[in-house]
Amino acid sequence: MNFKGKDIISIKDFSKKEINYILDYSKKMLDYARGEKYSDLLKGKLLSSLFFEPSTRTRLSFESAVNRLGGRVIGFADPAATSQKKGESLADTIRMADSYSDVIVVRHPQEGAARLAAEFADAPVLNAGDGAGRHPTQCLLDLFTIYTEKKRISKNKVVLLGDLKYGRTVHSLAYALSLYGAELTFVSPESLKMPKEVVQECKELGVEPKHTSSLEKAVKDADVLYVTRIQKERFPDAEEYNRVVGAYRVDVDLLKYAQDNLIIMHPLPRVNEIHPEVDKTPHAIYFKQAFNGVPVRMALLSLVLGVKK
Ligand code: CP
């Protein structure tokens with residue numbers, strides 16, 4: 001399977017066979033991601049890390065992945081400190097990064113920005129989140145987490161909870177889980193329901209998602225509970241946000257309804273949708289999930305750079 005030079009813009013750019021290949025390769029990166037083994041697989045390679053929007057996990061896990069494999073990183077985390085401030089276009093910024101580096105990671109508040117970036121770069125472009133659009137590397141690490149925790153992705157009963165309207169991670173994940181035939185239940189406030197086009201994509205892949213407003217009911221026979229933050233920054237109207245914030249909270253009382261083997265995931269950051277007391281329970285795997293960004297991004301970078309051993 002050859003990924004050399006491939007842009008990673010949407011999870012829909014991958015077949016199930018390709019996803020399986022990436023997940024298996026990511027497993028091989030675990031020791032390197034933990035720093036237990038060293039490799040200079042990316043020696044001499046330079047990554048441009050262009051973050052037009054805040055990030056902790058995506059940016060730092062890409063940097064960790066590159067540094068632990070002997071590569072180097074240039075870039076910015078604050079576009080206000082770049083010539084964007086002087087009115088430079090995204091296309092010109094991308095052209096510059098393309099001439100300075102071998103691979104480009106871009107996060108941007110506008111949907112479609114990563115695809116546009118790929119049009120202006122010869123180097124592979126990895127979408128690190130474009131507005132309310134897609135976040136394919138997050139999706140792959142989410143799948144990797146389910147795969148490593150549950151030993152398979154298919155047949156799991158997965159509940160997606162929270163901001164399903166603006167949450168780009170759940171859009172990608174609903175599609176990808178449907179590829180595997182997982183059972184999906186969506187729980188959200190009425191105004192933050194999963195967009196119709198995402199539901200339609202699931203149906204076209206043979207999955208009929210259930211919708212409910214009862215989290216207790218949904219969690220009863222769930223294998224995976226995937227929680228998302230209500231994303232204040234995506235709301236056009238503060239009043240709409242105030243109406244839904246705090247609509248759902250995962251706490252130890254809710255876990256009384258859950259199976260022993262339920263895993264709770266969250267792309268993070270969380271605000272108050274998961275009570276900190278849940279962190280201590282065996283259900284909480286969201287920090288491990290965030291760590292999984294390192295092996296998965298190691299695998300993706302080495303594949304698109306064509307340096308897989
Ligand atoms: N999950 C995720 O994308 O986190 P960051 O916004 O911190 O990168």
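The ligand sits in the largest pocket, where sitting in a pocket requires more than half of the molecule's atoms to lie within 2 Å of its grid points. A pocket, on a 1 Å grid over the protein atoms alone, is an open set of points with protein on both sides within 12 Å along at least five of seven lines, whereas a cavity is a set where a 1.4 Å probe fits but cannot get out; lining residues have an atom within 4 Å of a point. This is a predicted model, in which local features need pLDDT of at least 70 and side-chain atom pairs count only at pLDDT 80 or more, while totals for chains, interfaces and linings use all residues. Residues are numbered from 1 along each chain as its sequence is written, and side-chain values use heavy atoms, with hydrogens and water left out.

Around the ligand stand Ser55, Thr56, Arg57, Thr58, Arg107, His135, Gln138, Pro267 and Leu268, each with a heavy atom within 4 Å of it. This shell comprises two nonpolar, five polar and two charged residues, and at least three of its residues come from each of domain 1 (11-133 + 293-304) and domain 2 (136-290).

Among the polar contacts (pairs of N or O atoms within 3.5 Å), a ligand oxygen lies 3.0 Å from a side-chain N or O atom of His135. A ligand nitrogen is 2.8 Å from a polar backbone atom of Pro267, and a ligand nitrogen is 3.1 Å from a polar backbone atom of Leu268. Taken alone, the ligand exposes 260 Å², of which the protein buries 92%, by the Shrake-Rupley method with a 1.4 Å probe.

Note on methods. A polar contact is a pair of N or O atoms within 3.5 Å; within protein, one must be able to donate a hydrogen and the other to accept it, and residues adjacent in sequence count only if both atoms are side-chain atoms. Ala, Val, Leu, Ile, Met, Phe, Trp, Tyr, Cys and Pro count as nonpolar, Asp, Glu, Lys and Arg as charged, and the others, Gly among them, as polar. Domain bounds come from an automatic or database domain assignment.
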